[in-house]
Amino acid sequence: MKDRWTNQLDEITQDFMSAFSGLTTDQLNWKPNPNTWSVGQNVDHLIVINSTYFPVMEEVRNGSYKLPLVGRLGFMVSFLGKTVLKAVQPDRRKKMKTFPIWEPAKSDIQPDLWERFETHQEEVKKMISSSLDLLDKGTVISSPANSNIVYKLETAFDIIVAHERRHWVQAREVKELMR
């Protein structure tokens, strides 16, 4: 099961590297307008958002995680998980605003972003690979941004992968406007 996510993360990482790693610092930070993120901000956002799952997973692992009451209501876990997963799909028909804790860096993104991104992707894959026992138990977690948004761990991994693909599409659209 973990291969489903880790293989997709490898593919997404390769897609980002192939499409964007040759950009100059100016291109990495170029924005078509003030309301659109640059290629670099899209990637930085993925590092920021995915990293917020690491402490949650650590708390689940060491037994200190406190699931809110809503997380014990199976129908809510299912509903909220499906809702979030649908919202982060790559088709981007509906524009979304991210939670403040997940905003990308506002300053200039530097070319070391690609090393940070590759390292980060490996960390995400390790988090997934080390969670098979938790997946088997049907573990439920909260969104790192809002404890009342709950979903199964399996759905969290689906959300991470779909969200990465969504931002790859968004970054590709920005790059196409650079011409």
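The axes of helix α3 (residues 39-51) and helix α4 (residues 53-62) approach to within 5 Å and cross at roughly 20°. Because of this angle, α3 is roughly parallel to α4; angles under 35 degrees count as roughly parallel, over 145 as roughly antiparallel, 65 to 115 as roughly perpendicular and the rest as oblique. Axes here are lines fitted to C-alpha atoms, for helices over the stretch in contact, and angles run from 0 to 180 degrees between N-to-C directions. Helices (H or I, at least four residues) and strands (E, at least two) are DSSP runs, numbered from the N terminus.

The structure is a predicted model, in which local features need pLDDT of at least 70 and side-chain atom pairs count only at pLDDT 80 or more, while totals for chains, interfaces and linings use all residues. Residues are numbered from 1 along each chain as its sequence is written, and side-chain values use heavy atoms, with hydrogens and water left out.

**The contact of α3 with α4**

On the α3 side, I49, N50 and S51 meet Y53, F54 and P55 of α4, where contact means heavy atoms within 4.5 Å. The residues of this contact comprise four nonpolar, two polar and no charged. In this classification, Ala, Val, Leu, Ile, Met, Phe, Trp, Tyr, Cys and Pro count as nonpolar, Asp, Glu, Lys and Arg as charged, and the others, Gly among them, as polar.

**The nonpolar cores**

A nonpolar core is a set of buried Ala, Val, Leu, Ile, Met, Phe, Trp, Tyr and Cys residues joined through side-chain atoms within 4.5 Å. The largest such core has 42 residues, and F16, F20, Y53, W114, I141, L153 and F157 touch the most other members. At least two residues each are supplied by α1 (2-20), α3, α4, α6 (113-129), α7 (132-136), β2 (146-152) and α8 (153-177). Helix α8 gives the largest share, 11 residues. Another core, of five residues, lies apart from it and includes V70, V77, L80 and V140. In soluble globular proteins, nonpolar side chains tend to be buried together.

Residues up to four places away in sequence aside, W114 touches F16, M17, F20, S21, L28 and V43.

**Individual residues**

| Residue | Relative accessibility | Class |
|---|---|---|
| Q41 | 6% | buried |
| S38 | 1% | buried |
| S131 | 1% | buried |
| I49 | 8% | buried |
| Q8 | 34% | partly exposed |

Q41 is found in helix α3, and its side chain reaches the backbone nitrogen of S38 at 3.0 Å. This is a polar contact, that is, a pair of N or O atoms within 3.5 Å; within protein, one must be able to donate a hydrogen and the other to accept it, and residues adjacent in sequence count only if both atoms are side-chain atoms. S38 itself lies in the loop between α2 (25-29) and α3. Beyond residues up to four places away in sequence, S38 touches L28, N29, W30, K31 and V174.

S131 lies in the loop between α6 and α7. Leaving aside neighbours within four places in sequence, S131 is in contact with M57, R61, L153 and F157.

Q8 belongs to helix α1, and its side chain reaches the backbone oxygen of R4 at 2.9 Å. The C-alpha atoms of Q8 and V161 are separated by 7.0 Å, although these residues are 153 residues apart along the chain.

Conventions:
Buried < 20%, exposed > 50% of the residue type's maximum accessible area, 1.4 Å probe, protein only.
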